[in-house]
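Dear colleague,

I am handing over the structure below, and my notes on its salt bridges and on one pair of helices follow it.

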Amino acid sequence: MVMIVARRALLLIGALFGASAAAPIDDWAAVTRRDAQAFHDAIAGNHPGPYNTRDRGFSRRNDAGLALAIRRAERVRSYGGYVAAMRGYVATFDDGHVALDLSNDVALPLAWAGFLTGFDATGAQVVRTTASDVDLPLGATLRQCDGVPAAALAQRNVGVFRGRWQLESQRALNGGRLFIDAGNPFVARPRRCVFTVAGKKRAVDLAWRPLPDASFDERFATTSQRARPAFASKTLDDGTRWYGLPSFDGDPAGTAAKALTPMIAGLRHDRAAISTAPRIVLDLRGNGGGSSDWSRQIAVILWGEGAVAAAEEHATAVDWRASPGNLAAMQAYRDQWRDAPDVSAEARDWATRTAAGLAGALSSGQPLWREPQEPVAGAAVTPAVAAGRLAVPPVFVLTDWGCASACLDAVDLWTALGARQIGQETSADSLYMDVREIAMPSGLGSAVVPMKVYRGRKRGSNVPAIPGIRYPGDMRDSAALERWVSALGRP
């Protein structure tokens, strides 16, 4: 079984190793150097990369990222500089599962140019939101700033501090940062930009001003237009069964578990009626991952255990980094899930086996532990067993740019079983998965560190899932989206 650890649940574990933010900081350069070194050591001591023979340059990249952060630390005089230096280090891994999770105990003053841009479907940067005194229409296309072409400017000022800029999803989700000044001392504010408005060039002198926290979320949300739907199980007017699955968080006490548990129970109870629906939509808008146990439970109900087992027969192998901290994290999950009613028996068994495996590897001095492939319940998966899959209506998997981690695992499994992906291109992940958090000495945040590495995954490292049918509209407009899906034919 593949399990992706939920970030929200890991906050509970991270608290075991936490540190609170100290008194006001005078020497930001020293804090940056100390935290950068701690981040480096957290990676070196807990990440499988240093022992991954298929990624022999990993430790060199970690060392180079640290060296970059140390050099930049000399110019850090504020929290904004600290964040930029640390994010620049994180970006060198080009891995969405390696991250800096900030504590938000320190305010980050923001400024903006009075407008924000976002990437459109063609890859151009267009104006998405403006202040009332800015003479730029929505949809105006950015050409260049201070002589630097728009694409190069976004790469230089945003991409190198966010990583994975080659991904459409990463550009779409972070392109709105181009005209936000978060106190990064390593980039220069654009001063004069050229746009195309109604087919004509227009030069604009930028007037920077504070961006209040109260308006940041709304303004920034317009730049990527990502939907944040609620959990939902509904039947459309044409009989389409629609399941809103905006999170796969694995915390048994979390909101996702409280919503997914009854939803999956209802899906199981209504299985006969669902089989007569014209189509099923598994809506992953807003889903950024969590535990892949949820998507497997759904797959078993829709397609049957035999079909799911057949799809998983050649599943990836997994190597875990055996470290004391990783063992403690898995033991915490084992204990947390032992008596949790919303956690499946399979997930509880997995946590117990993983904790025991890591303990055994540590005691024998092995840096990696190979997770055993799980035997299929009952007889081996034969063509006859696989052919006994349940009848299911056409299934569509609706994705957006933020789908990552366990959300991608769901797409991989469901499409292998015959579902068709629609919507937007997803995010992507490397082969390093299952994260835990390790607090930084400053108390300003935590390093997010993967604990395992996949072997033989069909989808490659940092490869997104591409929809068979792209949705051209605004993914936040659920009514229009439902009409569009209802008009689709069979997968």
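Asp270 is partly exposed, its relative accessible area being 29%, whereas Arg241 counts as buried at 14% (buried is under 20% relative accessible area, exposed over 50%, partly exposed in between, with a 1.4 Å probe and protein chains only). Asp270 and Arg241 form a salt bridge whose closest N and O atoms are 3.6 Å apart, a salt bridge being a side-chain nitrogen of Lys or Arg within 4 Å of a carboxyl oxygen of Asp or Glu. This pair links distant parts of the chain, 29 residues apart, with Asp270 in the loop between α8 and α9 and Arg241 in strand β12 (helices are DSSP runs of H or I with at least four residues, strands runs of E with at least two, numbered from the N terminus).

Please keep in mind that this is a predicted model, in which local features need pLDDT of at least 70 and side-chain atom pairs count only at pLDDT 80 or more, while totals for chains, interfaces and linings use all residues. Residues are numbered from 1 along each chain as its sequence is written, and side-chain values use heavy atoms, leaving out hydrogens and water.

The structure holds 25 salt bridges. Among them, Arg226 and Asp400 meet at 2.8 Å, N to O, and both of these residues are buried.

Turning to the helices, α12 (residues 324-337) and α13 (residues 345-363) have axes, fitted to C-alpha atoms over the stretch in contact, that come within 9 Å and cross at roughly 155°. That makes α12 roughly antiparallel to α13, a term for angles over 145 degrees on a scale from 0 to 180 between N-to-C directions.

Best regards

Note on methods. Angles under 35 degrees count as roughly parallel, over 145 as roughly antiparallel, 65 to 115 as roughly perpendicular and the rest as oblique.
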